[in-house]
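Biologist: Before I rely on any label in this model, I would like to see each one set against its definition. Could you take me through it?

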Amino acid sequence: MAAFTASQASVTNGSKVVQINSGESVANVSSGDFLVLAGFIVEINRAYVGSDSKGYFELVKNWSNSNQSNQECIVVPTTGEFKKAVEALSNANVLVNDNFKALQDWQTKMGTVTFSNQDGTTTTVKTLKQIEADNQAQMDAYHPHPWAMRKVEFEAMRAANNEKFAASGFFHLGKNYDVPDAIESIGEGLYIYKNGYVGYENSIYLGAHGDKKSGISKKDTAHIHIAGVLTDIFELSIRNAQLSSKIKLPPAEDGTRTYDSGTGISVSHATPAIAFAAETATNKVVTDREDVWGIYQEVREINEEYPFVYKNGLPQSLASDIYGVPTVSNNVQGIEYFAQYDGDISSRGRGVNWLTATEEERRTIASNPKNKIKFDDQTGKFYQTHNFAITFRGIGNGSWQFVDVQNTATLRFDLKTPVTNSDGSYFTGYNNAKYNKECIGVYQKVKGNDLVEDSYLLLCGTVNRRNTGLYHDSFNKLGTAKAIDDKEWHNTAQSFTSKADCFDPAKVLANSGSIASSKSGAPDGRYYDAIYASGQGGVCRDMRYSSWGLKQEDFADADLAIKAGGYRGREYLTITRAEDLGNLLTSGSWSNGEKRVIFYQGNLLFDTQESQTYNVEGYIISKVDRTIRKVLQVGYSSGSDRTGIYLDGPLSDAWTDESYLIFSIATSSSVAGEYTHTEVVGDPANILLCDDLKDGWVGSWNPTIPDGVKAFNTFTATKPSVDTTLSRTITTDNGATWSDVESDFSLITNSMTASSAMASGRVEVWNYTVKARSTKPVGNTKILGGIVGLGSVFASMDAGIKNARYLAFSLISKILTHPANTSNVGQETLTLLSSSLLHSQGILWASNKSTGENKHTPLSLGIPTNAGPAFKALDYNVVENQQAFINYAYTELTYDAVAGDWGDDSKIHPVDNQATMLDENGHTVLVGTARCVEPLGWLKNDK
């Protein structure tokens, strides 16, 4: 038994004195006894009572561990038994042979031995092994499983990690599998198989190991930090010599499921025909889905119900051993416990049954902190922190509306459908009052009114999904299948007049559109069960933000990437439609300042009757002479079901029923990186006669109308192309027949190179690759760091990809066409000479000149070739809820050949979103403020 037990003892690091605060007597404690405090064992030099009548222990060595306050302790009288043995031996100068045998037994056996004394008496003492066993039993009663990490140690490590990192996220992204012919990178440590691979359907991959890997990450595998807990993501759902971990996504939509945005109810139907028959104004068949993936973390007690532990705390691990201890398939839990998504039956993990493991196996597993196993002395139980890969299927069409943890109150697809778990719990974001802002970067689980302890969700990205239906430019842009005669939509003998037709098994080739079939009806050749690096059917948002706090150079690197075309970008797809205003006009028009507003019946493309306004890219085309005027806005008038079209042009122009309307609005589906853009060239009159196009298409319209005179090379694409060839689908008989042509395409002029005329009445469908916009409009916001956060003014007219061609289009929607040359300044960086920084608000002030102006050195751009545009932009750093972004205050530049200059005033004019102003030559130019579409990462809050 212990010589001494106290309920409250304290000691500080570096001190030799332990103070007993609970009043127990130290009289029985001797020099050489051992003190056990907070799991640490130290030797006592002496025990004494101080002037304050409290007991004290003087230690042999200074206390080298962390400060301890009012902790339980015991004293093990190890040396007392030794003293008895030594005293007996010192007197054993008689009967030497008997004592020698007793000494051997004392060293090797359990129990007691008896020594003969010189005076004929005997002394019985415990053997050395018995002393050790008794002391170990005493220790185990006070401090069982001394090899295990205690809960207090685990929590101390968590606190230290939370202090070290800026937020939850990735602190190592991992390497990429480096096989260029087969693998395409999404970003550092995240990649896919190009165009799919049989056996690897519906998957993306994290990290790589083996001999074929590349990247700048310090670690081969992805390492994440969630709420202070660090996890190495390795062999998750895959065991492979090269691939590290596998993220699985649900199967593609097949046209049998509907989602009602009015009720939030999703229903699976027996056939596509039944599903499409069930459609209403709010209930739609799901064909344009977006999935979300992430890592879910929870703490699980190890018990009879959940007896298994896993390598690195990953229940979906397929590791064959846990650092030398062999694993087996966990058949105790149901398969749904391991599912990466609802319905996944292929993710059962391997682990070790903790309850049947040997003590040595337990010691091996628990001694490695990567396995995240802790012992709680208060409950007397073991726990392991688990991390699961998890995927949420988009319940309706389009992108998730509430997926950014810093801008939402709860994780939800839309207002009607939050993500809920089987126990009724849900996930809260930063704007929820329950959210613990000491642990940002992750969604936090809530049940009832309380946070669920140690349960978090780190969202890592979104994926745009294709569907199994026939590809059709108008009806089913995300389809992949062919018609039943093994042909594409435009050359099949089958008739397709609606989206429902695209899923009709009597019209669609069975199993086409899949990787296994090698048959795709889409112009980009994509399959519905393959995941791509970007674009339609590809990874959209890469939300693997770094846990490390951003530095100034990180902002500079991101700015360079945006200007050099290396930034990923993201935007919403648009849907375009042609209308004959004579069929829509009902009540004439009225003037609104310098704009003309015409009202129409119905809601055109809109699926809602809510009063709202949409920014559009649209045109009014005169039936008489095909004169084109650009539309500024489309929106519902308040309290009315009529649509208002705001026209750009003098009021004297008569835009009446003798006109066509073509306009585009953003859909709810977003894409990122490079994607396939569809553009229609043709007279609205001919487009409306094409059954394949008259109901609209996902893409844009080219505002150059074929008339038999204009040459092919004058038809400039509306977006900057990535391709040097243009895929064209052509009809000259209003869609009765179509043909396919590929043409050379100039990346400088962004047009075809052929100089012959395009015939009147011709309609063409162009498909070409573009990059998603790198910025989105925002208000003029507070600058991070004040003056320090201001960058420089960059100006460019160069058409080169690395010369901000994509940034220019993202900001002003115009394409730079000047080819770079050494005799003409095509881009430059200008010094900001003064700023209008309003210190009280931290923003650039534009309402008056009391704070000064944002002046820069004069512009030196030369004369643009091809009469192309230019732009200038001031970059500055901003932060929102600890997430960092780059803002651009920009101005469009227009060259005036008569004046011989750009009409630039050498100033930056901050405005919210986008507006227009007159330059020095009287040209109307765009000005605005935009922000990079994805956060750069987290800023550490040390305040």
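Biologist: Why does Lys248 count as buried?

Modeller: This is a predicted model, in which local features need pLDDT of at least 70 and side-chain atom pairs count only at pLDDT 80 or more, while totals for chains, interfaces and linings use all residues. Residues are numbered from 1 along each chain as its sequence is written, and side-chain values use heavy atoms, with hydrogens and water left out. Buried means under 20% relative accessible area, exposed over 50% and partly exposed in between, with a 1.4 Å probe and protein chains only; Lys248 has 9% relative accessibility, and therefore counts as buried.

Biologist: Which residues are in contact with Lys248, leaving aside its neighbours within four places in sequence?

Modeller: Contact means heavy atoms within 4.5 Å, and on that basis Lys248, in strand β17 (residues 243-248), touches Asn202, Ser237, Gln340, Tyr341, Asp344, Ser346, Ser347 and Thr391. Of these, Ser346 is 98 residues away in sequence, yet its C-alpha lies 9.6 Å from that of Lys248. Strands (E, at least two residues) and helices (H or I, at least four) are DSSP runs, numbered from the N terminus.

Biologist: What makes the pairing of the Lys248 and Ser347 side chains a polar contact?

Modeller: The term requires a pair of N or O atoms within 3.5 Å; within protein, one must be able to donate a hydrogen and the other to accept it, and residues adjacent in sequence count only if both atoms are side-chain atoms. The side chains of Lys248 and Ser347 make such a contact at 3.0 Å.

Biologist: Why does Asn283 count as buried, and which residues does Asn283 touch?

Modeller: Asn283 has 10% relative accessibility, so this residue of the model also counts as buried. Not counting residues up to four places away in sequence, Asn283 touches Thr258, Tyr259, Asp260 and Ala278, and a polar atom of the Asn283 side chain lies 3.0 Å from the backbone oxygen of Ala278.

Biologist: How do you know that the buried residues of α4 line one face of the helix?

Modeller: In α4, Phe154, Arg158 and Asn161 are buried. Seen down the axis of α4, the buried residues fall within an arc of 65 degrees, so they line one face; the arc is that of the directions from the helix axis to the C-beta atoms. Val152 and Glu163 are exposed on the other side of α4, whereas its buried residues pack against β15 (222-226), β16 (229-233), β27 (373-376), β28 (381-392) and β31 (450-464).
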